[in-house]
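Welcome! Let us take a friendly walk through a protein model, stopping at a few residues along the way.

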Amino acid sequence: MVAQALAVQAAGPASVDDFEGLKGFEDRNAPSFAAAIMGDLHLEPGHQMPLFEEARRQLISAINEPGIAAPRVVQLGDLGGYKFRPGSRECFQRGKQFLAGFGVPTTLVTGNHDLEGDEFETDEDNLAAWQQAFKQRHYWAADVGPATFIGLSTVRFRSNPWSVHEVHVDEEQLAFFRSKLEEAGGRPVVVFTHAPILGSGLKVVQTVHVKNRCAWLNHSSNPHEFISLVQQYPNIRLWFSGHFHLSHNYADSISVVGGTAFVLTGVIGECNRDGFRHSRLLKGDEEGYELYTMDHDAGSLRLDLRHRWDDPGAPQPLIPEEELICDPSAGWLCSKVDCPVPEDAEYTPLDLSPPVTWLNIGPNSMLAVQDELIVEYDTRSMSPIGMVCMDLPDDCTVVLRDAEGAEVDGTNTDGSAAVALEVMSPDGELHQRIKRNHVGGFFQIYQHNKWVARKKKEAEEAARRQQQEAAVAAAVH
């Protein structure tokens, strides 16, 4: 079987025209499956292509081991790097060529970069071109062996209210998702999206995705919807996402909420943030599942999670402690497991990170003041939702003020009376004053919609040229 799959892979482009997303993917009667799950591809020509091809060979071998009845591939979006013009028809063809080389039933969802094609004026046209290229709908469900796989896609780039990179699942897909969860009954469900959900507890890049409010699905519009569905349907056993370009070597690269394991998925190319090239392998049969990390540099598999489908308890990650990355810059997100220290040490792991000051700013929100950052947290989900400040001076003081200018106690009250936040420098001078924003929080909008800004600039330049041409014409006459 492996030799056959490798032969198909070697043929590569010859099978591109026959590629059809989801074709042959469903097989409810399969006694076992092995799914290769790839995060952001960002395919690039040149010296990186051998890395992608090597990773494909490794995954082909892993999903075609003896005894696997249903080898499958799922890709989590963001197909092309900028040399392949992400979101363009050319990019989709390149992505299809790469995925066709696996030679097994394959499907995918869209990521934020898949809808930024420069040849399209609307998100709808861009999405239609994606659907035409991959011959599949952008959201889907398929029964594979004992589990139901569900994929949901972003449908906005140009039309996002703030950051173009927010991953947005629309109401049509939410209705589909709810209906499929209801149909599943007690059948295990595995979900695939480009970005994770609010409340998943996964590691996040604060100064990029939290700052730009594009970390979570539907970050700027009712992001709590998804974790509510997880709580309502405990048969959602696994939820895979990419988006952050992080490896699997963090304690919170797998986060368990209730009985659901949220799984961060890395990248196979050079666009990683920490030097590791990782993908996921999910094996399942009637009894349960095993989750592995494929290390593409080492060409090896590491068992990260094992659990029975019928066990309602919380699965326990198995990542070896010596392989975990200590990330002091994560601050309050850096746990004892992240930063192990000798047992006889006179300090705790928390001493490795700057201290945190927590301030209440309302019944469902808090501010974390640490080092040079102020991050706003949603307390219902225990998740960061926005950046308030990124340049706190050394030894500064953060004070909440009410409408009369009096200081608000953000520790012993819920902080609702605060209308502004003041950053005071050590000499008592006001460094910065931040008022509540359009939704009543303090997070700032660091990234406005770049597509809208570009179109506005183009319109202004066109109007200016028209005025200049009119002036020249008038002077001639």
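At 4% relative accessibility, His-243 counts as buried (buried means under 20% relative accessible area, exposed over 50%, and partly exposed in between, with a 1.4 Å probe and protein chains only). His-243 sits in the loop between β7 (236-241) and β8 (254-257). Helices (H or I, at least four residues) and strands (E, at least two) are DSSP runs, numbered from the N terminus. Although His-243 is not a glycine, its phi is positive, about 80°.

Arg-213 also has a positive phi, near 55°, and is likewise a residue other than glycine. You can find Arg-213 in the loop between α6 (206-210) and α7 (224-232). Arg-213 is buried, with a relative accessible area of 11%.

## About the model

This is a predicted model, in which local features need pLDDT of at least 70 and side-chain atom pairs count only at pLDDT 80 or more, while totals for chains, interfaces and linings use all residues. Residues are numbered from 1 along each chain as its sequence is written, and side-chain values use heavy atoms, with hydrogens and water left out.

## Salt bridges

How many salt bridges does a search of the whole structure find? The search finds 23, where a salt bridge is a side-chain nitrogen of Lys or Arg within 4 Å of a carboxyl oxygen of Asp or Glu. One of them pairs Arg-85 with Asp-118, with the closest N and O atoms 2.7 Å apart. Arg-85 lies in the loop between β2 (70-75) and α3 (89-100), and Asp-118 in the loop between β3 (106-108) and α4 (123-134), so the pair ties together parts that are 33 residues apart in sequence. Arg-85 is partly exposed at 32% relative accessibility, and Asp-118 is partly exposed at 43%. Both belong to a network of salt bridges that also links Arg-89, Glu-90, Arg-94 and Glu-119.

Asp-123 and Arg-158 form a salt bridge whose closest N and O atoms are 2.7 Å apart. Asp-123 is in helix α4 and Arg-158 in the loop between β5 (147-151) and α5 (171-184), so this pair joins parts that are 35 residues apart in sequence. Both partners are buried. In the salt bridge of Asp-297 with Arg-277, the closest N and O atoms are 2.8 Å apart. Here Asp-297 is exposed at 51% relative accessibility, whereas Arg-277 is buried at 4%.

## A negative patch

Which residues gather in a patch of negative charge on the surface? They are Asp-371, Glu-372, Asp-391, Asp-394 and Asp-395. Patches are made of residues with over 30% relative accessible area and no salt bridge, with like charges joined within 9 Å and nonpolar side chains (Val, Leu, Ile, Met, Phe, Trp, Tyr) within 5 Å. Asp-394 belongs to the loop between β16 (383-389) and β17 (397-401), and Asp-394 is exposed at 66% relative accessibility.

## A buried methionine and the cysteines

Met-387 lies in strand β16 and is buried, at 0% relative accessibility. Met-387 and Phe-442 are 55 residues apart in sequence, yet their C-alpha atoms are 8.2 Å apart in space.

Finally, a search of the whole structure finds zero disulfides (a disulfide is a pair of cysteine sulfur atoms within 2.5 Å). Cys-91 is buried, with a relative accessible area of 1%, while Cys-271 is partly exposed at 27%.

Definitions and conventions: Accessible areas come from the Shrake-Rupley method with a 1.4 Å probe; for residues, only the protein chains shown count as cover. Lys and Arg count as positive and Asp and Glu as negative; His and the chain ends are not counted. The place of a charge is taken as NZ of Lys, CZ of Arg, CG of Asp or CD of Glu.
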